[in-house]
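This briefing accompanies the sequence and the model displayed below. It is arranged by topic for reading beside the structure.

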Amino acid sequence: MTATPAANVPANPALTQLKDIHLPEQVGLWPLAPGYYLLIALMVLALLAVFLRYRRRQARLAACQQAKHLLVGLDMTSADYAQRVNTLLKRAALSYLPRAQVAALDDAAWLSLLSQSLDQAQRQEISALLGNRFSPRALTPQQAASLKSLAVRILEQLPTAMANVPSREAKSC
């Protein structure tokens, strides 16, 4: 037999000049496209906004949290427990409203301001308990515990309740 036909065919000179195919280099991550820089900037701004909002909320709630901490430290058996709770609630309210507005509140207006977040039965109870603040007798343990739980509830609602009180100079919550 004779040799294969491919061996007899003269090689095309153009084919002999071809070199192997070289793949292009992988596209690198850097530099980023402009859209990614915009996305990164928006994410940084969003994180900054969340952080600033968190800090503002913590600062707004700091007075009430400190008042709750001080409320736990009060002696519930002392004769002036109701007076001390009232003073603590007034100090916390001063953190959210102008001094002139809170200091000028008399007994009925003060109790009305405090009881904004309470239902009718609790309003009557807080009125009766804080009405005993000038009494020389100490509150019973049940009355003191009730006053403490109502005061905690008022302190938890204080920042949002004070935002609803009409005032030209009220601090925003």
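D80 and R84 form a salt bridge in which the closest N and O atoms are 3.0 Å apart; a salt bridge is a side-chain nitrogen of Lys or Arg within 4 Å of a carboxyl oxygen of Asp or Glu. The model is predicted: local features need pLDDT of at least 70, side-chain atom pairs count only at pLDDT 80 or more, and totals for chains, interfaces and linings use all residues. Residues are numbered from 1 along each chain as its sequence is written, and side-chain values use heavy atoms, with hydrogens and water left out.

**Confidence**

- The mean pLDDT of the chain is 81, and 87% of the residues score at least 70; pLDDT is the predictor's confidence in each residue, from 0 to 100.
- Helices (H or I, at least four residues) and strands (E, at least two) are DSSP runs, numbered from the N terminus.
- Over residues 168-173 pLDDT stays under 50, and the model has 12 contacts beyond four places in sequence for them; contact means heavy atoms within 4.5 Å.
- Where pLDDT is low, the predicted coordinates should not be read in detail.

**Salt bridges**

- The count of salt bridges comes to 2.
- In the pair already described, D80 is partly exposed at 32% relative accessibility, and R84 is partly exposed with a relative accessible area of 43%. Buried means under 20% relative accessible area, exposed over 50%, and partly exposed in between (1.4 Å probe, protein chains only).
- K68 forms a salt bridge with E156, with 4.0 Å between the closest N and O atoms. Because K68 lies in helix α3 (residues 34-73) and E156 in helix α8 (residues 141-163), this pair ties together parts that are 88 residues apart in sequence.
- Relative accessibility is 26% for K68, which counts as partly exposed, and 47% for E156, which also counts as partly exposed.

**Nonpolar core**

- The largest nonpolar core has 30 residues, of which L71, Y81, V85, L89 and L147 touch the most other members. A nonpolar core is a set of buried Ala, Val, Leu, Ile, Met, Phe, Trp, Tyr and Cys residues joined through side-chain atoms within 4.5 Å.
- At least two residues of this core come from each of α3, α4 (81-94), α6 (107-114), α7 (120-131) and α8.
- Not counting residues up to four places away in sequence, V85 touches L71, L74, L147 and A151.
- W110, L111, L113 and L114 are buried in α6. Seen down the axis of α6, its buried residues fall within an arc of 160 degrees, so they line one face of the helix; the arc is that of the directions from the helix axis to the C-beta atoms.

**The loop residue R133**

- R133 is in the loop between α7 and α8, and at 11% relative accessibility R133 counts as buried.
- A polar atom of the R133 side chain lies 2.8 Å from the backbone oxygen of L130.
- Apart from neighbours within four places in sequence, R133 is in contact with A82, Q83, N86 and D107.
- R133 and D80 are 53 residues apart along the chain, and their C-alpha atoms are separated by 6.5 Å.

- Q122 has its place in helix α7 and counts as buried at 18% relative accessibility.
- The side chains of Q122 and R153 make a polar contact (3.1 Å). A polar contact is a pair of N or O atoms within 3.5 Å; within protein, one must be able to donate a hydrogen and the other to accept it, and residues adjacent in sequence count only if both atoms are side-chain atoms.
- Leaving aside neighbours within four places in sequence, Q122 is in contact with L150 and R153.
- K148, in helix α8, is in contact with L71, V72, M76 and Y81 when neighbours within four places in sequence are left aside.

**A cis peptide bond**

- The peptide bond from W30 to P31 is cis, with omega near -5 degrees.
- P31 lies in the loop between α2 (13-16) and α3.
- Most peptide bonds are trans.
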